[in-house]
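Q: Please go through this model with me and, for each label that is used, set the value against its definition.

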Amino acid sequence: MVLEHHKLEIGDLPNEIQLQILDYLNYRSRCTASEVCRLWNALAFTGRFMDRVCLRLDITEDNLKLVCTVLSDSIRNYRHITINFNNQSVTMMDYFSQVVGENDALESLTLWGMDRIEPVQLLMLLNSCAHLERLCLLDEQTEQLNVTNVQGISADDSVEYPAWLTALSSDSPVRLQRLRKLRLMIPGRVSLPSKPIVRKFPNVTQLHLTSHRPSNVALFNDYRNKLEKISILTPSSLFVIAFSTISFPKLNHLYLGRLELHDQLVVAKWINFFQNPAHTGTLEQLMFHPKFMMRTPIFATICSNCSALRELELSLDYMDGDALKDVTNLQHLQKLSLQGTAYFRETPHWPYQIRTLKTVRISGSRFPINLLVFIADIAPSLTNLTMEDVENPKELFETLPELVATIRSFQLNYSEGFERPPSSHPSGLLRSMHNLESYHLQRVIIKHGIQGWLQDAPQLRMVTLTDCSTLTDTHLVILTTNCPKLEWLKLKRCPAVTMHGLEEFRARNPSCKIDVDGN
């Protein structure tokens, strides 16, 4: 009997197995893999990976025909598309709408730079996207902002009405039945046509609005029985008075940004809103950011009535630290984010605890130690801690291991606009933190203390270092010695690290994956 030995090639594997192999590649590597053959060109940009890919199109009159041709010939189905019309007129909108609409996988669409787009053209484009689930429309005055982060958006007081918005006022037959998320980034005082918008997008469950005109409360009122997620920025006093009377029986996520709380009537209205059992019983995520000071009565009302909260984010600026004890009423809280400085009359020690609280972020605090002592008291199960733009880092480094020795993930970040203290180097930071598995530093000065810094972290598996200009090849060598279980090293914008240092690191720890600037 003769047996023929057939050499197995990667193309012989089922597509499902090849997809799993491609899942290990980042975007750049996938682009390279897509050039291998037709099959990999199709597989490289399909499946779950496309959830993380957004196609960005800069449309001009000169390139529109080319863009349409490329999209029409492409075999890739993009789920997320962002289109910038660059405030130019478009003469081939019917053809462009047809090409975009042929992408049946399209779920999310963001449009901006529409200053010269005719209302009928916008309706034509929307009507072609029958499967759309998320829509974001940006006015030119907010187009420079990061549309994925509503915290960075501030409403404008302009009264100019964008011409393209009249498309939402018309009685056109456009009906996007699948649309769930609607985000309107428009000037602050623009009035929106509530009834026509509801007719065009009847099943919206997430509404994000930057306009604070009181008449726009009607839009929230018309969607009140369906809304699950609401984001509002810079609401005026009259807006708050009208909004606070509405009940949202399905509300589970609420973001309120840049709130004015100087008016006692506004404070009273927010207290009434958070006393309404119609939505406080279902609310699981709350982001509450006043412009200046968090009012203690509002915070006490939130903690007393929103018992279902899983995630809470607050701006503390100049808040009485002793009032924070009310947060222990939230016994289902899992994630807590505190921004700004709370003033404690004395170092707090609270007998009550939240055993479900595992993730805490402290940012912009002038006295982070007091907050950290408070967190250590109330969160015995804390595993993830993030500190951003905090002062007094030297004292923080000395007390952190003693206060929260149980944490598994720690991040210390300084933003580009924050002037780092000269003592922001983590000497001895990881000593006695035996459970730590993940560590991230951003714009932190790493000095001579790095050997002690990584001396007692035997479980450390992932280290991410971003914008660490003082990180050297010697530090990487110490990593291989002190962290025997290290599995992943990510470096981004660390200019002092050389290729020779990376090669030596790979030779000493060949099983550790290295990601340098996304490669």
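Q: Why is Thr383 called buried?
A: Thr383 counts as buried because its relative accessibility is 18%, and buried means under 20% relative accessible area, with exposed being over 50% and partly exposed in between (1.4 Å probe, protein chains only). Thr383 sits in the loop between helix H14 (368–378) and strand S15 (384–388), where helices (H or I, at least four residues) and strands (E, at least two) are DSSP runs numbered from the N terminus.

Q: What is Thr383 in contact with, leaving aside its neighbours within four places in sequence?
A: Contact means heavy atoms within 4.5 Å, and on that basis Thr383 touches Lys358, Thr406, Ile407, Arg408 and Ser409.

Q: How far can the coordinates be trusted, and what sets the limits?
A: This is a predicted model, in which local features need pLDDT of at least 70 and side-chain atom pairs count only at pLDDT 80 or more, while totals for chains, interfaces and linings use all residues. Residues are numbered from 1 along each chain as its sequence is written, and side-chain values use heavy atoms, with hydrogens and water left out. The protein chain averages a pLDDT (the predictor's confidence in each residue, from 0 to 100) of 83, and 87% of the residues score at least 70. Over residues 143–159 pLDDT stays under 50, and the model has 44 contacts for them beyond four places in sequence.
A: Rings of Phe, Tyr and Trp (its six-membered ring) pair if their centres lie within 6.5 Å, and planes under 30 degrees apart count as stacked, over 60 as edge-to-face and the rest as tilted. By this rule the count comes to 13 aromatic pairs. The centres of the Phe239 and Phe243 rings are 6.1 Å apart and their planes lie at 20°, so this pair is stacked.

Q: What is the separation of Phe239 and Phe243 within their helix?
A: Phe239 and Phe243 are 4 residues apart in helix H10 (residues 237–243), and are therefore separated by about one helical turn. An α-helix has 3.6 residues a turn, so residues three or four places apart point the same way. Phe239 counts as buried at 1% relative accessibility, and Phe243 likewise counts as buried at 1%. Ring pairs link both into a cluster with Phe220, Phe248, Trp270, Phe273, Phe274 and Phe288.

Q: Is Ser97 buried or exposed, and how do you know?
A: With a relative accessible area of 2%, Ser97 is buried. Ser97 lies in helix H5 (residues 93–101) and, leaving aside neighbours within four places in sequence, is in contact with Met124, Leu125 and Ser128.

Q: Why is Tyr318 called partly exposed?
A: The relative accessible area of Tyr318 is 47%, so the residue is partly exposed. Tyr318 is placed in the loop between strand S10 (311–315) and strand S11 (319–320).

Q: Which residues of helix H13 are buried, and what covers them?
A: In helix H13 (residues 296–305), the residues Ile298, Phe299, Thr301, Ile302 and Cys303 are buried. Their cover includes helix H11 (264–273), strand S9 (285–290), S10 and S11.

Q: How much of the protein chain is buried?
A: Buried residues make up 49% of the 519 residues in the protein chain, whose secondary structure comes to 18 helices and 20 strands.
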